Amino acid sequence: MRPIPLSSPIKIFYKPLPNTNLLWPILDVDISYKGKAFPQKILSLVDSGASTSILHPQLATYLGFDLQQLGLPKAGGISVSGNYKSWILPKPVSINIYGYDFSFNFTVIDNHNLIWGCILGEDSIFSVARIDFQKFKKFFEIRFRQDLN
Amino acid sequence: MKNKQQYLKGLTPGWASISKDSKNVVAHAKTLTELIKKLEKKGNPEGVITRVANRFTSYVG
């Protein structure tokens, strides 16, 4: 297997989330869909334990996805807190991370109390970058694949 | 960097915009749409949008 060229590492320090004392591997990312974008970056969790990437229902709706039109949310998702119902967005969403542009597919969990606006899982950030978590040093490093952009 | 929690203490669950230097809450609202309207009124200053959850001490995703 040929080695995949990677960018220089970008060091990102873990950050706290509102109302917690915990430190999290978080990225501030630009999210858009068909020209509709948020006025600011969205704080997003980098989650190696998530097989799919997640958008909060309010984010998906703002981007223009009509969740009701997608039908009833489907069962089948599972997390440590139990089963969940979700919609799979029919089109990929544009994401910009540190100047790198990507299109990722997202699942929207039918839970407005979800504490994350966006979760980047194995099918998004982990497919386009090497990520080295160094929690004991309070930072993680990202090296983007150079064969994609 | 100061802990954001200091600046978000007392905020009810919903959505917030934190300044780029993580030192201030730019705006806060119950829904994302309300937050974005507030940001527009402020001229869309730089920052990052985040959820504000109920206080918790641990998380298993």
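Modeller: Let us begin with a pair of residues: A:Arg130 stands opposite A:Arg143 in β15(A). Please note that this is a predicted model, in which local features need pLDDT of at least 70 and side-chain atom pairs count only at pLDDT 80 or more, while totals for chains, interfaces and linings use all residues. Residues are numbered from 1 along each chain as its sequence is written, and chains are lettered from A and ligands numbered from 1 in the order in which they are written.

Colleague: How many bridges join β14(A) to strand β15 of chain A?

Modeller: Strands (E, at least two residues) and helices (H or I, at least four) are DSSP runs, numbered from the N terminus. Two strands pair if DSSP finds at least two bridges between them. Here, 6 bridges join β14(A) to β15 (residues 139–144) of chain A, and the two strands run antiparallel.

Colleague: In what order do the strands of that open sheet lie?

Modeller: The open sheet has 3 strands in the order β1-β15-β14 (chain A), paired antiparallel. Its edge strands, each pairing on one side only, are β1 (10–13) and β14 (129–134) of chain A.

Colleague: Which residue is the bridge partner of A:Val93 in β11(A)?

Modeller: That partner is A:Phe104. Strand β10 (residues 93–97) of chain A is joined to β11 (residues 100–104) of chain A by 5 bridges, and these strands run antiparallel. They form a hairpin with 2 residues between them, and A:Tyr98 in the turn has a positive phi of about 50°.

Colleague: Is A:Phe65 buried or exposed?

Modeller: A residue is buried if 20 or more other C-beta atoms lie within 10 Å of its own, exposed if 12 or fewer, and partly exposed in between, with C-beta atoms placed from the backbone. A:Phe65 is buried because 22 other C-beta atoms lie within 10 Å. This residue lies in the loop between α1 (57–63) and β8 (74–79) of chain A.

Colleague: How many residues of chain A are in contact with chain B?

Modeller: Two residues are in contact if their C-beta atoms, placed from the backbone, lie within 7 Å. On this basis, 23 residues of chain A are in contact with 27 residues of chain B. On the side of chain A that touches chain B, β6 (41–46) and α1 each supply at least two residues.

Colleague: How do β6(A) and strand β3 of chain B run, parallel or antiparallel?

Modeller: They run parallel, and 2 bridges join β6(A) to β3 (residues 48–52) of chain B. A:Lys41 stands opposite B:Val48 in β3(B).
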